[in-house]
Every structure is written in C-alpha cells, then in structure tokens.
Amino acid sequence: MADYYETLGIKKDASAQEIKNAFRRLAHKYHPDKEGGNTERFKEVNEAYQTLSDSEKRAMYDQYGSAFSQAQSKGGVGGFDNFRDWATYAEAMKGQKSNIDFDDLGLGDLGNIFSDFFGFGQSRANSRAQRGEDIEIQIAIDFREAIFGVEKEIRLEKYVECKKCGGEGIEPGSKFITCQTCQGRGQVVRSIGPFQTATVCPECHGKGKVPEKKCKQCQGQGREKSFLNIKLKIPAGINNGQTIRLNEQGGTGQSGAQSGDLYVTILVRSDSKFKRQGKNILSEEIISISQAVLGDKIEVETINGPVKLKIPSGTSDGQKIYLKGKGASMVSNNIGFNREGSKGDQIIRIRINIPKHLNKKQKKLLQELEEQGL
C-alpha cells in the first residue's frame, strides 16, 4: 500500500493548502483526458487526497497507516465513500480541465450523476462540445533569453469569437426563441433509479433560448477559426522543458462557453560557451602552465559580460573557481512560476594547456625545473 504523503509528494506536517496544491498539480499531470495522462496514477493521487484533505480521516491514517488505507479502499465507489468526499473533490478540481472520464475511473453512470451535481457538465461529450479546446505548443528560445527573460509573439490558428454574430450563434436579423428541449428552463430533469437530477440542457446549454436561425458563418457555434497573434512573457530563469499556461487563451468555447487554455512548453537552445546546472552556470577557461604555477589575473566571459578572474598560484587542472551571484535565477512550479531566492553562481572549470611541441629553450627550462624537483 503506497504512502499517501509520498503519493502527493508532501511532508507529513503539510498544511491543508499544501495538500490541495499538490493534488491540483498531480491531478492535472495525470488527468486521463490529458495527453500522456495516467488513469492509475490519477486514481492513486485522488485516493491519497480524499484521505489527507479530511482532518478526521487524516488523523486515523496517521494513527493506523496501511490498515486504514486498506479499509478505506474497500468502502464506497471508487474510493469516494460519502457526499462530502465528492464535494471536496469537486472543489479541488476548480480551475482544472473538466473533461473527466468517469468511465475510465470505473464510475459509469454514477459518475455522470455526480458530475452533474458539481458542475462538470451533463456528460463527457457535452462538456467537450462546449468548452474551448486546450492548445499545446512548443517554442525555442536562446540560452541568454532563458536566463534574462524575453517577450515573444506567437501566431496561432485557433477558434475565436465569430465576427458575424459576435459569439451569439444567431444569424443577424433573426431572434432567439424558447428552447423546446427544456421548455425554456435551461435544465433537463432525468431519473436514474432513486436519483433525480437536473442537468444542463444539451440544446441551449442552460440559456433556455436558441436561435431561430443559426449564424451561417459559424453554424450556430458562435466561433470560427482564425489566425491570432498572442504576446508571451517568458520569465527570467526559465529552464528547458518548463511549461507556461495562459488561462483562457486556447480555443474559444461554443455558444459563449469558457475558452480553453494555452500551454507553451519552452525549449532552450544550447550555448557554445555556457551550460546550465540548476541555478548555476558552467564554463571553462584554458590557462598556461606558467599561469597555473605562478598565478595570474585573466579576463573571463560571464553571462553578464566580461570580468577579471584571479587565478591562484598552484592552480591544478580541473579546479573550479566560483563567481558568486553570476548564475541564473530559478523559477519553479510549471504553469504558475514562483521565483526561488537569489541567483546562482558561475562555476569556472580551469583547464591547463599542456603544449605538445616545445623548442629547445623551453625544453631546457623544464629540464632545469625537473632537476630542482619542480
């Protein structure tokens, strides 16, 4: 039985907010509807959250450990053993992608019922038909742009509000009429066994009215495809592979529904001079034998420009010299980006140039040094 704290990647003294933040991050990462998602991991993360987010259950889990976990896993449907668990889960999922596949989670029709209770939409298909699409793209930036931050302009083809009908989905000059599916209520009542639920009307999407004539340009969807330029601010210190989320900058939703999000993964090009290791920047400098033995002061290049570097006498090959504060900033938490403390260092690895060819005078000098035991 997995440790719930390890599953969420948190410490045992984590606060309620830390637990919720960890769940949101992992639920988004492993969401079954997301490319690369993992249904089993999603279940594990959810099971851990259902226990640790409830103070009473958490106290029992801390006391009884795996014994409580095993008992918990046998109760209820899919690990949700009472109404409060569902409400907590729904609250935690606010702001996340709502296309939850309850069939994949083994909840079947019961999952659809609870999805209606908590505003996830009438069904997976209906939810996908309304909310705008999430868009995922990659852009490449230079090493120095990643260190200092940069603003880029992205050109996308995506769904935007229909220019002809202004997103209403109605043909200009026409009017709205009462929806016959829900009789203007915006909801459809249905019964499944002992349950009776009111769901969003699939025809009018809760508005109670539909266009008498649908807009010919967008076929009543209220949106059309078009190219759009979007400005993206990339924070200083972003690392290769990190992702920026722009809320509601994805595809425009149908009939005025919420737009999707835009996810931009940053790819950082390599640099001929510098490499990055966390907050530190790595580089190399080559010096002569005499500089290594006697010491010297040389000019070296940093990401912020040239500086004077003191080479101590007796420097050995491979020795590292640190330039404090000459490294990179660091941003953590994909999507949100929180800056982590001060800048790192530039670490300069010294390489000693051993000449392959010596003239007679140089050889004689080395021989004399050898005779003196140097």
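Buried means under 20% relative accessible area, exposed means over 50%, and partly exposed lies in between (1.4 Å probe, protein chains only). By that rule, buried residues make up 41% of the 374 residues in the chain. This is a predicted model, in which local features need pLDDT of at least 70, side-chain atom pairs count only at pLDDT 80 or more, and totals for chains, interfaces and linings use all residues. Residues are numbered from 1 along each chain as its sequence is written, and side-chain values use heavy atoms, with hydrogens and water left out.

**Overall fold**
- The chain has 11 helices and 17 strands. Helices (H or I, at least four residues) and strands (E, at least two) are DSSP runs, numbered from the N terminus.
- Contact means heavy atoms within 4.5 Å. Among contacts between residues at least 6 apart in sequence, 65% join residues at least 24 apart.

**Helix H2**
- The buried residues of H2 are Ile19, Lys20, Ala22, Phe23, Leu26, Ala27, His28 and Tyr30.
- H2 (residues 16-30) has 15 residues. Its first and last C-alpha atoms are 21 Å apart, close to the 21 Å expected at 1.5 Å a residue. The expected span is 1.5 Å times one less than the number of residues.

**Helices H3 and H4**
- The axes of H3 (residues 39-52) and H4 (residues 55-64) come within 6 Å and cross at roughly 105 degrees. Axes are lines fitted to C-alpha atoms, for helices over the stretch in contact, and angles run from 0 to 180 degrees between N-to-C directions.
- H3 and H4 are therefore roughly perpendicular to each other (the class for 65 to 115 degrees).
- Gln50, Thr51 and Leu52 in H3 meet Lys57, Arg58 and Tyr61 in H4.

**Strand E6**
- Pro211 lies in strand E6 (residues 209-211).
- Beyond its neighbours within four places in sequence, Pro211 is in contact with Gly169, Ile170, Lys175 and Phe176.
- Pro211 and Phe176 are 35 residues apart in sequence, yet 4.4 Å apart in space, C-alpha to C-alpha.

- Pro355 sits in the loop between strand E17 (346-352) and H11. Its relative accessibility is 38%, so Pro355 counts as partly exposed.
- Pro355 and Ile289 are 66 residues apart in sequence and 8.8 Å apart in space, C-alpha to C-alpha.
- H11 (residues 360-371) has 12 residues and reaches 16 Å from its first C-alpha to its last, close to the 16 Å expected.
- At the start of H11, a side-chain oxygen of Asn359 reaches to within 3.2 Å of the backbone nitrogen of Lys361.
- Gly373 follows H11, with a positive phi near 85 degrees.

Note on methods:
A polar contact is a pair of N or O atoms within 3.5 Å; within protein, one must be able to donate a hydrogen and the other to accept it, and residues adjacent in sequence count only if both atoms are side-chain atoms. Angles under 35 degrees count as roughly parallel, over 145 as roughly antiparallel, 65 to 115 as roughly perpendicular and the rest as oblique.
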